[in-house]
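Here is a guided walk through a structure that may be new to you. Keep the view open while you read.

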Amino acid sequence: MTMLTLSHLTKRFDGLNALCDVSLSVAAGERVALLGHNGAGKSTLMKIVLGLIAHDEGTVEVLGAAPGSTRARDGVAYLPENVAFHPALSGREQIAHYLRLRGLPASGARALLDRVGLGDAANRRIGTYSKGMRQRVGLAQALIGTPRLMVLDEPTSGLDPVSRRDFYAILDGLAAEGTAILLSSHALTEVEARTDRMVILSGGAMVAEGALGDLRRRADLPVRIAVTPSDIPCSTTTLLMALPGSEQEGEQVVLSCAQDEKLAVLGRIAGLSERIADIDIQPPSLEDIYSHFSRRAGQ
Amino acid sequence: MMRIISMAQTEFRIALRNRWVAVAVAMMVLFSLVLSAAGSAPTGALGADRLSVVVASLTSLAVYLVPLVALLMSFDALAGEVERGTLPLLLTYPLSRTEILLGKLVAHVAVLAIALAAGYGLAALAAWMGDDRALAGLPALWRLFWSSMVLGAVFLGAGYALSALSRRPSGAAGLAIGLWLGLIVLYDLGLLAALVADDGGRFTTDVFPWAMLANPADAFRLFNLAASGATAAAAGLSGAANSIPAWAALTSLALWPLAALALAVAAFRRVTP
């Protein structure tokens, strides 16, 4: 079941395209990462999905309704970038307020704060919280009432590595229950393992979309192979001679090859096994793939 | 309804923590006590009970103070949310912008009610201790109390509208001070000058009553002074507007909060988070 459908979405600010012909859909239980530079249009896209700003062309359907309609707002949770709350309220009071706005009893506030690890600070004023704690209050409010679509703008900024892991564990649980998740992030390595699909925006246009494996195949970036010789410097010279295109980098012999040559090159390296102490194969990272698609779009 | 109550509860809590309640109560109590002490002299001369005289003085005070307190509480209501960055998240919740404003209005009117009850209550107590006929003035005091809340609601709504229009607390504060000066101080001065220049001509008979009714603060003053005839003598401008009946002033006073709130909703709808 599709929770969010964008088709040919275009948004202009003062004649400039902030978003240009973006089509995208997110199904129930799917986790989609939105990647892009600052100003690529990620936040604009999210605000259109939430009904906070209007779009110029194309259609947007959120939970089968118009963005910002009561039906859409009932089922959508949002975590803004750098989420803020009134500093005079305590975490519990703030979450209790959000619970009541969704028509739920305020008594659930403590459980939500416990779930994001803020139980001990529940009665302290948010003004005394650290950035990471405020972010967790933001996550707690986004978990209210098990939303059907979650829109998370840079959700892990300000969180330490352990909190990030906990955060993604919560998202995995929600996705397993059928919540569709659309999140944006700068931490590419982080979304690599934690999302089903990636969408790369560049200058308001969608330049690539797919699972990481798909994107990797399509980008067809070279694989880097690093070989550690068994006997330096004698083996080093042999390896450099035997492997065309290889270079010495410190104690290692390094070469790049295209995806489809990978097996042939590895075969040749295997033939030199008595000269080799170790071998390391580095596939192109998400950063490489991301810059490949962004650059191709002229960024 | 639940959502409006929750908004109101949260806003009231914020007002309490920001010391707005304390400031408003202190202001009203202080001025009321000063007035009831100063207003005790002319009692004998007018032959009215002491509380009715105090009510007349309080009316003149409320015309200045109630709009000021209302504007002080409301100028930050939307611009503050924009500046803190709390507005976008709030607007993704299933409540309308009108409900957000109504929630804030309920909370701020409640703060005003507490401050007025404390200030007027103390003044009444002081009057009653000095004159046991003062109970006769209670209806006038009650009328002053609820009409002060209506006047407060007008300026709360106007404050929200300015807050939404300027989108920055500093800008909203400037506009609020300007509105207060214009409607409360300069408007009456202007009318007075026009009356003097006109010297009983067509302006005085045809335009002036309408000009008084068009300003919510003047309508408030007219309503309270016209309704308690005994103290009409104490009433500067309204002496010239004796021809305006209390019901006309009340109608104006009743329509203004609705107009101010409609203006606020319209301005808020134009805010893009």
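The text below takes each chain in turn and then turns to their contact.

This is a predicted model. Start with chain A. Chain A holds 11 helices and 13 strands. Its C-alpha trace spans about 75 × 45 × 35 Å along the principal axes. Of its 299 residues, 42% are buried. Now take the contacts in chain A with a separation of 6 or more. Residues 24 or more positions apart account for 69% of them.

Strand β1(A) covers residues 2-13, and strand β2(A) covers residues 16-27. These two strands run antiparallel, and 8 bridges join them. Two facing positions show how they line up. Thr5(A) has Ser25(A) in β2(A) as its bridge partner. Leu6(A) stands opposite Leu24(A), again in β2(A). In a regular strand, side chains alternate between the two faces of the sheet.

What lies between the two strands of this hairpin? The hairpin of β1(A) and β2(A) has 2 residues between its strands. Asp14(A) takes a positive phi there, near 50°.

β1(A) also pairs with strand β4(A), residues 57-62. This pairing is antiparallel too, and it runs over 5 bridges. Here Leu4(A) stands opposite Val62(A) in β4(A).

Now move to chain B. Chain B has 12 helices and 0 strands. From the N terminus on, its elements read α-α-α-α-α-α-α-α-α-α-α-α. The C-alpha trace of chain B spans about 60 × 45 × 30 Å along its principal axes.

How does the radius of gyration of chain B agree with that of a compact globule? With 273 residues, such a globule would have a radius of gyration near 19 Å. Chain B has 20 Å, which agrees. Buried residues make up 46% of the 273 residues in chain B. Consider also the contacts in chain B between residues at least 6 apart in sequence. Of these, 83% join residues at least 24 apart.

Helix α10(B) runs over residues 202-214, which is 13 residues. From its first C-alpha to its last, α10(B) reaches 18 Å. That is close to the 18 Å expected at 1.5 Å a residue. Where does α10(B) bend? The bend is at Phe208(B), by about 40°. A proline, Pro209(B), follows within four residues.

Phe208(B) is also one of the buried residues of α10(B). Which helices do the buried residues of α10(B) pack against? They pack against α9 (169-198), α11 (216-227) and α12 (246-269) of chain B.

Finally, bring the two chains together. In chain B, 20 residues are in contact with 23 residues of chain A. On the side of chain B that touches chain A, α1 (2-17) and α6 (87-91) of chain B each supply at least two residues. α1(B) gives the most to this side, with 7 residues. The residues of this side of chain B divide into 9 nonpolar, 7 polar and 4 charged. The size of an interface is often given in another way, as the accessible area lost when the parts come together.

Methods: Residues are numbered from 1 along each chain as its sequence is written. Chains are lettered from A and ligands numbered from 1 in the order in which they are written. This is a predicted model: local features need pLDDT of at least 70, side-chain atom pairs count only at pLDDT 80 or more; totals for chains, interfaces and linings use all residues. The expected span of a helix is 1.5 Å times one less than its number of residues. The bend at a residue is the angle between axes fitted to the seven residues ending there and the seven starting there. A residue is buried if 20 or more other C-beta atoms lie within 10 Å of its own, exposed if 12 or fewer, and partly exposed in between; C-beta atoms are placed from the backbone. Two residues are in contact if their C-beta atoms, placed from the backbone, lie within 7 Å. The radius of gyration is taken over C-alpha atoms; the globule rule is 2.2 Å times the number of residues to the power 0.38. Ala, Val, Leu, Ile, Met, Phe, Trp, Tyr, Cys and Pro count as nonpolar, Asp, Glu, Lys and Arg as charged, and the others, Gly among them, as polar. Two strands pair if DSSP finds at least two bridges between them.
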